[in-house]
Amino acid sequence: MNHPESLESAKHPRAGQVLSGAEIIVQVLADEGVEVIFGYSGGAILPTYDAIFVHNRDSAQPSMPLVVPANEQGAGFMAAGYARASGKVGVCVVTSGPGATNTVTPVRDCLADSVPIVVICGQVPTAAIGTDAFQEAPVTAIMGSVAKHVFLVTDPTLLEATVRTAFEIARTGRPGPVVIDVPKDVQNWKGPYQGQGALPIPGYRRRLALVDKSTLSDASAAEFYSLLSTAQRPLIYAGGGAINGEASVELTHFAQHLRIPVVTTLMGIGAFDTTEPLSMRMLGMHGAAFANYAVDDCDFLIVLGARFDDRVAGVPARFAPNARVIAHFEVDVSEINKVKKVGFHHIGPLRQTLSALLHYAKTSNFSVDWSAWHAHCAQLRSVHAFNYDRDSELIQPYYVIEEINKHAKGEAIIATGVGQHQMWAAQYFDFKGPRQWLTSGSMGTMGFGLPAAIGAQFAHPSRVVIDIDGDASIRMNLGELETVTTYDLPVKVVVLNNCGDGMVKQWQKLFFKGRLSASDKSLHKKDFVRAALADGYGFAKRLDKKADVPAVIKEFMEFKGPAFLEVMIDTDAGVYPMVGPGQSYEEMITGDHIVSRKTDHDVTPPDTAEMF
Amino acid sequence: MRHIIAVQLQNEAGALTRLAGLFASRGYNIESLSVAATNDPTLSRLTLVTTGDESAITQLLAQIQKLIDVVMVTDLTDGQHIERELLIIRLKVSPNGLESLQQLTQEHGARVLAQEPDNFVIELTQSEADVNLFIAAVSRYGVIREVVRSGALALATTGMADG
């Protein structure tokens, strides 16, 4: 390392060259391996857009195509979709004022779901900050409470290190969004490129190093297995941390070696192959009935990168009521005992932790016969399986997803909006691996699906990417329908049209005596197919006859290029099971077609004051 | 329970806003907050007083540590620590109260900064509790016109633990 030659060879080829601030930004992006930039130009970011143009024209390094959305929110979600599908940092570059504020929603969405993106915002010139200048917004103040971190670059000599540090912060620890606010004069400043160097963030790096090197000791592993050895019904509850921590393979080995069934959260979908016999699919408010019953029945819960969110543990005290031990493995210390007190925990990178656990199990020949529990889980799976009215003359959304799934085979990347269609997709699609399921879990942002699918397609140009959307969700970012054809992406867009905000209607029917306040869109005039045709889709069809479903879906799935499919579904279709807000899994409503364990179906309506 | 928390923060744009914002967005109250430069020009030192039960404070400390520009956080409450607050108070005093007030000031180790009956200004450095007692005591001899307090400042007696 200390050899002069190796130092020389490590020197950046442009080190010492005088570059503009804008060129410095672009050079750091190139150094970070950025493959694509999502963004919208404007006054305060013009120098950087010009530098990207020049880089893509002249540089020997790979070019970074600029993907332009209809709205900056779209750019933010494209960067997020790219990041979620690839595990790499997504990049979004926007102008000041409205450009920056339009990315607030994706930034908060990324923080809430731990997704690494870097947003670079133009800002009015340093001297104009605070004067209510044209297109000025207080970005550090606004973003400070929704981003993992925000930088305002006032000293241009620190610009290069700031951009590099932003990537470091975005991708390390619990990943998240980092915003860099760059005044226009800083972009126009000229100075030498260093080719190295980061900002001092001593507290963050020290805490990160503590977590990173926190390996599970043999003593801790021994304690864990001594607790586990007394368990008769162990269950793994894996969350988004298993995916963000790239721990899917280790989770799979661990679960398969010990033969422990796995439920995942909405964010954890794909961390464990849903087609595996040990998979008990998703738990929670709209989780599988068999998953929720398994949580109720387990006596030992192993929590991997999950956080007892209110959609999972609506009533923390009654969550996993029979679990004598809850063992929590996390990377973020603030999640320990935040919602639910646990008996055992370990802070550290999940991948290493699971490897250490597996290693200990193997070397200590840990083995317990849990066959009775396996049989119980198998029975739960078959008795309380997902089901719906298969004889209905109306097109059932579940049927549509089952048909698409026959073609996708658990290998497609599925993005969604938010609402009923999101839950149906989570319930009825197969997912063989991580980073195939892109959904706005914590924030629940309608309009997420289409731009996220676009971003994912840039991350994986040759994979099948499907946006499963709702008629209301897709309206939120409908402008991005055109972005798909502009870049000729083979994104497949499915709109499950139930003429309104289906999830809102479902709650209104259950808890507000059926008063459909502002949620019914059956009188709306939108012709989605004509909209798609107008945007240049080579395939744009409406499916409104059940008999046509298999053939049209086959045609849709086989179409090469941008494809749009609107499906007129049963407007009364509901999402079941449903654990009402403030209720326990035991009180889960399973609907007419999924078998409940509860004999009396009296549902106590939740207290409306506690409902959200 | 009352907690006194020391934070070392990098001097960056918006750092203080982020810390204060964390209290607001997660529903904690700040009873007092004092911020000032340290011997290291890149760092500020904050002293925060807040209340909460043990689990709420544990969660708060963990959340503060997630802020990128926080270098160190220490809950000084449990350990031995020195706590001081600066008070400057202006009173209007009747002439016959002047002597008693001067005596009280001496007893508390406070200093008189101005002593006209219409503008009687006292400075006191003591614990928050003693400052409260002093304010109550002086109010018996004059009419309080203005009170300015620094908020608590604190230092662990054995050196700041790693946070």
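The crossing of helices α13(A) and α15(A) is left-handed. In this predicted model, α13 spans residues 248–258 of chain A and α15 spans residues 350–363 of chain A, and the two pack at an angle of about 25° with their axes 9 Å apart. Because angles under 35 degrees count as roughly parallel, α13(A) is roughly parallel to α15(A).

**Helix pair α13(A) and α15(A)**

- On the α13(A) side, the residues that meet α15(A) are A:E250, A:L251, A:H253, A:F254, A:H257 and A:L258.
- Their counterparts in α15(A) are A:R351, A:L354, A:S355, A:L357, A:L358 and A:A361.
- Sorted by class, this helix contact comprises 7 nonpolar, 3 polar and 2 charged residues.

**Nonpolar cores**

- The largest nonpolar core contains 210 residues.
- Within this core, the residues with the most contacts are A:I25, A:I117, A:V118 and A:A294.
- Helix α4 of chain A, residues 72–86, supplies the largest share of this core, with 8 residues.
- Leaving aside residues up to four places away in sequence, A:V118 touches A:V89, A:V91, A:A166, A:F167, A:A170, A:V178 and A:I180.

**Contact between chains A and B**

- Chain A contributes 18 residues to the contact, and chain B contributes 17 residues.
- On the side of chain A that touches chain B, two or more residues come from each of α7 (139–144), β6 (149–152) and α10 (202–212) of chain A.
- Helix α10(A) gives the most to that side, with 4 residues.
- The residues on the chain A side divide into 8 nonpolar, 8 polar and 2 charged.

**Chain B**

- The secondary structure of chain B consists of 4 helices and 9 strands.
- In sequence order, these elements of chain B follow the pattern β-α-β-β-α-β-β-α-β-β-α-β-β.
- The C-alpha trace of chain B spans about 55 × 30 × 30 Å along its principal axes.
- Chain B has 163 residues, of which 29% count as buried.
- Among contacts in chain B with a separation of 6 or more, 73% join residues 24 or more positions apart.

How values were computed:
Residues numbered from 1 in each chain as written. Chains lettered and ligands numbered in written order. Predicted model: local features only at pLDDT ≥ 70, side-chain atom pairs only at ≥ 80, totals over all residues. Contact = placed C-beta atoms within 7 Å. Nonpolar A, V, L, I, M, F, W, Y, C, P; charged D, E, K, R; others polar. Buried ≥ 20, exposed ≤ 12 C-beta atoms within 10 Å, placed from the backbone. Axes fitted to C-alpha atoms, helices over the stretch in contact; angles between N-to-C directions. Parallel < 35°, antiparallel > 145°, perpendicular 65-115°, else oblique. Left-handed = near helix turned anticlockwise from the far one by under 90°. Core = buried A, V, L, I, M, F, W, Y, C linked by C-beta atoms within 7 Å.
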